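Me: I am new to this structure and would like to learn how to read its features one at a time. Could you take me through them slowly, giving the general idea before each case?

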Amino acid sequence: MDGGHSHSSSRNSDSFVVKVAEEKQKWPVSSSQMLSHFATSGLSVAVATAITHPLDVLKVRLQMQLVGRRGPLTGMGQVAVQVLKKEGPKALYLGLMPALIRSVLYGGLRLGLYEPSKYACNLAFGSTNILLKIASGAFSGAVATALTNPVEVLKVRLQMNANQRQGGPMAEMRTIVSEEGIRALWKGVGPAMVRAAALTASQLATYDETKQVLIRWTPLDEGFHLHLLSSTVAGTVSTLVTAPMDMIKTRLMLQRESKIVGNYKNGFHCAYQVMLKEGPRALYKGGFAIFARLGPQTTITFILCEELRKLAGLDAI
């Protein structure tokens with residue numbers, strides 16, 4: 001029994017060393033592999049987003065509770081019941097189309113840029129340690145968000161607007177631009193980039209590192225159980241890291257929609273005002289909804305992405 005376990009550990013340790021040794025040769029890839037790489041990333045995030053979208057709507061509603069004042073907060077269950085009673089089940093899918101478009105673009109870039117960034121770090125520093133993985137994740141998340149912020153603004157506006165204008169997302173987009181100017185599409189881009197950098201760094205670096213640790217020290221090998229465990233750890237860590245930034249981003253993007261919101265100058269000012277007027281715990285408004293959504297979303301994204309990569313003939317993340 002001990003000999004078997006020793007053999008298994010040795011095998012996993014050897015495969016870990018081989019994986020690290022081959023890491024330098026993973027990039028660059030052909031144009032067809034590049035397309036598959038970004039497509040599998042975008043598709044996996046889009047599927048996870050579609051499944052967890054109702055929780056995202058509830059999260060935004062929870063984050064906009066008692067703006068500018070303290071008081072007892074309504075729980076996620078109560079908010080869900082209120083939304084269903086007053087607006088019907090369709091309200092849980094408000095902003096779904098922009099969310100899916102954003103998922104394909106943002107998700108494809110956020111996950112897709114991670115490996116090239118890691119490869120660049122390997123060339124520059126001769127290593128892909130945990131700090132460089134965090135840096136690679138932060139870079140890919142920030143770039144992806146800067147490019148797709150208008151779709152995120154549109155999504156959160158629609159999620160707070162039960163009485164959507166005729167014409168749907170395009171009419172909402174035209175209204176934002178005509179009433180607030182083109183710059184309004186980049187409202188909250190600073191905190192959104194910080195959040196995305198923190199999310200991608202915590203998600204991908206944690207997932208990547210957890211996988212390597214589990215492969216090295218347990219009998220687990222590439223497959224469903226390894227991906228499930230690693231993605232669960234990644235989802236938990238990323239929720240704890242990003243919840244306050246997510247709340248600040250939502251408040252900034254909805255400044256015009258919520259007439260009672262004070263005029264936040266930037267992310268730091270928003271955080272200060274929220275803590276001053278609503279208390280420090282307010283930074284975690286909607287925190288349970290974020291965890292309830294981001295945990296399963298992370299798990300679904302990574303498990304599906306790994307399977308799609310396998311079908312496309314790509315290496316595991």
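Reply: Let us begin with open spaces: on a 1 Å grid over the protein atoms alone, a pocket is an open set of points with protein on both sides within 12 Å along at least five of seven lines, a cavity is a set of points where a 1.4 Å probe fits but cannot get out, and lining residues have an atom within 4 Å of a point. Grid points are joined across faces, edges and corners, and a volume is the space filled by probe spheres set on the points. This is a predicted model, in which local features need pLDDT of at least 70 and side-chain atom pairs count only at pLDDT 80 or more, while totals for chains, interfaces and linings use all residues. Residues are numbered from 1 along each chain as its sequence is written, and side-chain values use heavy atoms, with hydrogens and water left out.

Me: What volume does the second largest pocket have, and which helix gives the largest share of its lining?

Reply: The second largest pocket has a volume of about 240 Å³, and the largest share of its lining, five residues, comes from helix α3 (residues 76-87). Helices here are DSSP runs (H or I, at least four residues), numbered from the N terminus. Among the residues lining this pocket are Arg61, Gln82, Lys86 and Met160.

Me: Which residues are closest to the centre of the largest pocket?

Reply: The largest pocket, with a volume of about 370 Å³, is lined by 19 residues, of which Leu73, Arg281, Tyr284, Lys285 and Gly286 are the closest to its centre. Helix α11 (residues 287-311) gives the most to this lining, with three residues.

Me: How many cavities does a search of the whole structure find?

Reply: The search finds four cavities of 30 Å³ or more, and the largest cavity has a volume of about 230 Å³. Of the 22 residues that line the largest cavity, Thr49, Arg102, Tyr106, Arg293 and Gln297 are the closest to its centre.

Me: At what angle do helices α9 and α10 pack?

Reply: Two packed helices are described by the angle between their axes and the distance between the axes. Axes are lines fitted to C-alpha atoms, for helices over the stretch in contact, and angles run from 0 to 180 degrees between N-to-C directions. Helix α9 (residues 224-253) and helix α10 (residues 267-278) pack at about 100 degrees, with their axes 10 Å apart. That makes α9 roughly perpendicular to α10, a term for angles of 65 to 115 degrees.

Me: Which residues form the aromatic pair?

Reply: Rings of Phe, Tyr and Trp (its six-membered ring) pair if their centres lie within 6.5 Å, and planes under 30 degrees apart count as stacked. The structure holds one aromatic pair: Tyr207 and Phe302 are stacked, 4.0 Å centre to centre with 5 degrees between the planes. Tyr207 lies in helix α8 (residues 189-217) and Phe302 in helix α11, so the pair ties together parts that are 95 residues apart in sequence.

How values were computed. Helices (H or I, at least four residues) and strands (E, at least two) are DSSP runs, numbered from the N terminus. Angles under 35 degrees count as roughly parallel, over 145 as roughly antiparallel, 65 to 115 as roughly perpendicular and the rest as oblique. Rings of Phe, Tyr and Trp (its six-membered ring) pair if their centres lie within 6.5 Å; planes under 30 degrees apart count as stacked, over 60 as edge-to-face and the rest as tilted.
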